[in-house]
Protein chains: 2
Amino acid sequence: MAENKKMVEAITSRDEDFAKWYTDIVKKAELVDYSGVKGCMVIRPYGYGIWENIQKDLDRRFKETGVENVYMPMFIPESLLQKEKDHVEGFAPECAWVTVGGSEKLTERLCVRPTSETLFCEHYAKIINTYRDLPKLYNQWCSVVRWEKTTRPFLRTSEFLWQEGHTMHETAEEAIDETLKMLKVYEDFYRETLAIPAVVGRKTEKEKFAGAEATYTIEPMMHNGVALQGGTTHYFGDGFAKSFDITYQGRDNKLHYPHQTSWGVSTRMIGAIIMVHGDDDGLVLPPKVAPIQVALIPIAQHKEGVLDKVYEVADTLKKDFRVKVDASDKAPGWKFSEYEMKGVPVRVELGPKDIEKNQCVIVRRDNREKIFVSLDNLSQEVQKALDAVHNAMYEKALKNMEEKTSVATSFDEFVDIAENKPGFIKAMWCGEKECEEKLKEVTNGVKSRCIPFEEENLADTCVCCGKKAKHMVYWGKQY
Amino acid sequence: MAENKKMVEAITSRDEDFAKWYTDIVKKAELVDYSGVKGCMVIRPYGYGIWENIQKDLDRRFKETGVENVYMPMFIPESLLQKEKDHVEGFAPECAWVTVGGSEKLTERLCVRPTSETLFCEHYAKIINTYRDLPKLYNQWCSVVRWEKTTRPFLRTSEFLWQEGHTMHETAEEAIDETLKMLKVYEDFYRETLAIPAVVGRKTEKEKFAGAEATYTIEPMMHNGVALQGGTTHYFGDGFAKSFDITYQGRDNKLHYPHQTSWGVSTRMIGAIIMVHGDDDGLVLPPKVAPIQVALIPIAQHKEGVLDKVYEVADTLKKDFRVKVDASDKAPGWKFSEYEMKGVPVRVELGPKDIEKNQCVIVRRDNREKIFVSLDNLSQEVQKALDAVHNAMYEKALKNMEEKTSVATSFDEFVDIAENKPGFIKAMWCGEKECEEKLKEVTNGVKSRCIPFEEENLADTCVCCGKKAKHMVYWGKQY
């Protein structure tokens with residue numbers, strides 16, 4: 001077991017150094033490799049496998065609401081990006097610019113898309129004519145580029161993979177409904193597929209998206225109490241439509257501007273999976289997105305009949321699950337550690353004694369619980385174990401979030417919690433940007449996460465300035 | 001029927017002006033929209049739906065051979081691109097260069113990937129250590145950029161979507177096997193999924209990929225006799241491995257260079273689908289990739305019970321097929337034209353009289369054949385019709401390719417055929433580049449397509465220079 005121990009020791013302890021623990025996991029579980037391209041990462045098969053499962057699940061959810069996929073160019077001419085004032089101010093500082101094509105200097109610089117509102121608007125201006133053309137519910141899966149100085153795999157990279165939905169509607173009401181509907185899709189996806197609980201709500205004016213009238217967000221909490229902006233949906237009103245001259249003939253035969261939304265989640269979600277669920281032995285993957293759901297490990301595989309039985313069992317399990325048989329010549333203990341490190345939700349062990357008794361051992365990754373089950377209904381038992389793992393992961397994460405959520409009713413209390421207890425702080429706020437800025441400054445980075453849809457009345461006054469409170473806000477540091 | 005006729009007349013006749021016919025179809029069937037970004041296209045939902053079905057099918061085929069998906073950065077530093085001499089010479093002239101990131105001028109230019117051999121090699125150098133790490137069978141789905149002066153949707157655009165497989169093997173033999181195996185995957189996919197026949201074989205030295213030792217190709221013929229390079233697989237030997245210093249410890253404990261392949265197909269395949277199968281009424285889509293497989297059109301839909309029955313039938317069909325019900329207030333004749341234009345393989349008509357008789361009408365897109373079938377086993381009948389459409393499309397395309405394939409045994413005959421009969425020319429060749437160049441020049445663009453795996457002995461001498469023939473070659477003009 002020496003080798004096996006060595007492997008585990010190679011991960012920094014989560015409580016000792018969360019940042020190093022994170023980096024160790026992404027490297028050792030072979031999720032990413034650093035590349036020679038500054039700020040960009042190579043997503044390796046095991047990491048990309050998670051992304052493929054995320055995509056499949058989310059894409060189905062989008063399509064069930066009537067969304068269609070498209071593909072827009074990856075370049076945005078500078079003049080197009082400049083059409084909406086707030087938008088270009090928000091994004092121009094982080095654009096990568098193509099200035100040479102072939103061997104010729106371009107007459108106009110092209111930005112590698114940081115997001116595609118402008119391209120969608122240009123297209124919508126051409127294809128939307130009457131109310132019969134609405135709504136338009138488009139989405140694209142692609143990569144985007146935002147030039148970053150300091151980067152961390154999945155959390156902040158110069159290029160990342162994401163989906164961006166862009167929709168157009170007849171009325172403001174319909175567009176707002178869409179914005180909330182897609183936020184609900186994200187929330188359901190986080191809970192049902194990633195086993196991650198989160199706070200949802202509206203961003204303050206200060207924190208909203210460049211060019212948006214309102215931004216909604218889903219904010220899961222990482223194990224260490226730091227928040228991650230896990231996905232956002234934006235309501236644009238008709239601001240872009242006016243800038244891009246998108247009009248439609250309404251039911252009243254008059255010309256109107258349509259109302260617009262956009263919404264997106266990215267590979268950053270893989271960072272959330274790592275930081276919400278991982279432990280000192282490595283990754284813990286939610287069963288629904290795990291590239292390998294079951295690691296099937298033969299015990300005493302040199303003994304007659306063991307491998308035959310293992311492959312027979314694998315064939316059965318493969319009908320329902322993503323299964324990996326490891327019949328390599330490494331010791332079983334080494335394999336146990338390896339698949340624990342990789343966060344495989346369920347391990348099945350099968351040796352000569354098990355075969356005699358027509359049974360096998362199922363071991364859960366999340367709590368190491370071991371159960372002996374009959375081979376006769378193994379698929380059912382594996383499904384039960386995977387469901388149990390999912391539910392326990394969710395409950396554990398919820399408990400962590402609840403334990404690390406505090407209430408502050410005074411400025412001093414707020415500062416004290418911010419210094420001594422990482423996590424969310426619920427506190428009342430007057431609605432002024434100045435108070436957000438002050439709180440951020442004195443706490444070294446605690447920002448408003450969101451105004452939840454159901455606000456509690458914790459006090460009558462703003463935790464910062466003492467004036468009349470307008471909203472209850474979730475506050476916290478973020479990645 | 002006036003409106004309906006107008007719609008059909010809007011497409012240029014295929015025999016009159018093939019290029020305009022093609023452009024009409026991509027626009028009117030709403031496959032793409034031109035964008036304000038030079039040389040780039042917007043792939044609209046109906047076009048992207050075809051690509052999604054292509055991806056799903058091909059991805060399954062790749063994974064069945066053990067291939068894993070990854071994602072590499074979209075940028076290649078200039079110094080990395082320059083590591084393999086032939087490769088950089090081939091691609092540098094068509095690169096788009098990022099020179100500014102954020103507001104700073106970059107110290108090194110970044111090329112937007114035209115293909116990713118160099119990035120894969122950089123990564124493989126880090127993760128390949130021993131023969132136990134081989135083979136590595138990686139693929140990525142992404143977009144690439146090759147700066148083009150003149151562009152046509154799907155056929156030649158500055159940005160396009162594709163997959164690029166990059167594999168590393170212990171021996172040359174294994175790598176060559178992989179190259180041929182993936183060519184076979186493409187050939188099967190074209191035949192079984194796209195209903196497109198093709199010639200396959202090896203490219204001549206002159207036509208092979210920049211940096212490759214051998215390039216294999218699949219070359220379907222368009223309806224007008226012009227070839228399309230439909231997909232290529234490359235064997236690189238250990239050339240890149242040497243340039244990038246990728247070594248592995250072999251079974252003999254010595255260091256060796258691994259042997260490499262790459263292979264790719266792109267959205268250009270959608271161009272092939274259009275040009276192989278389309279007709280004067282519009283697209284004809286292969287059933288397996290058609291976004292809508294069945295258009296269900298109610299007749300006299302205002303009559304009681306018709307729409308109820310139509311939706312009931314649709315619910316049944318949707319279990320097995322991609323179905324679109326069109327209950328809009330357009331006339332049935334207009335709808336017929338619209339779904340013909342969009343190439344929907346099978347139309348189902350259902351009216352009051354049909355309902356009385358518990359039947360409906362199935363109309364095939366490819367030959368307009370109409371059959372009356374019972375509603376009791378409609379799914380079976382629709383499946384039979386879709387299979388029949390697929391097979392008939394393949395046979396028709398094969399017949400076209402055979403009819404437009406000629407044999408030339410003399411220089412004059414070659415030139416005469418090249419001038420008067422568009423299509424493939426089979427002719428013997430001495431193996432010299434000079435003869436390829438001469439034939440191309442005198443025929444205004446007829447190039448070698450490939451040396452097929454099974455060569456016929458048509459003559460003993462080269463059709464161009466009269467010296468001893470080495471190979472039989474397929475020749476033809478290309479898109």
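In the predicted model, helix α11 of chain A, which spans residues 332-341, is mostly covered, with 7 of its 10 residues buried. The buried positions of α11(A) are Lys335(A), Phe336(A), Ser337(A), Glu338(A), Tyr339(A), Glu340(A) and Met341(A). After the helix comes Gly343(A), a residue whose phi is positive, near 75°.

The domain assignment of chain A gives domain 1 (20-277), domain 2 (294-386) and domain 3 (405-476). The centres of domain 1 and domain 3 of chain A, taken over C-alpha atoms, are separated by 28 Å, and the contact between these two domains takes 16 residues from domain 1 of chain A and 14 residues from domain 3 of chain A. On the side of domain 1 of chain A that touches domain 3 of chain A, the elements that give two or more residues are β9 (199-202) and β10 (214-219) of chain A, and β9(A) gives the most to that side, with 4 residues. By class, this side of domain 1 of chain A has 5 nonpolar, 5 polar and 6 charged residues.

The relation between the two chains was examined in turn. Chain B can be laid on chain A with an RMSD of 0.0 Å by a turn of 180° and a shift of 0.0 Å along the axis, which is the relation of a two-fold axis. Within chain B, the C-alpha nearest this axis belongs to Val98(B) and lies 2.1 Å from it. The same surface serves both copies, in that 100% of the contact residues of chain B recur in chain A.

Notes
Residues are numbered from 1 along each chain as its sequence is written. Chains are lettered from A and ligands numbered from 1 in the order in which they are written. This is a predicted model: local features need pLDDT of at least 70, side-chain atom pairs count only at pLDDT 80 or more; totals for chains, interfaces and linings use all residues. Copies are superposed by least squares on the C-alpha atoms of residues with pLDDT of at least 70 in both. Two residues are in contact if their C-beta atoms, placed from the backbone, lie within 7 Å. A residue is buried if 20 or more other C-beta atoms lie within 10 Å of its own, exposed if 12 or fewer, and partly exposed in between; C-beta atoms are placed from the backbone. Domain bounds come from an automatic or database domain assignment. Ala, Val, Leu, Ile, Met, Phe, Trp, Tyr, Cys and Pro count as nonpolar, Asp, Glu, Lys and Arg as charged, and the others, Gly among them, as polar.
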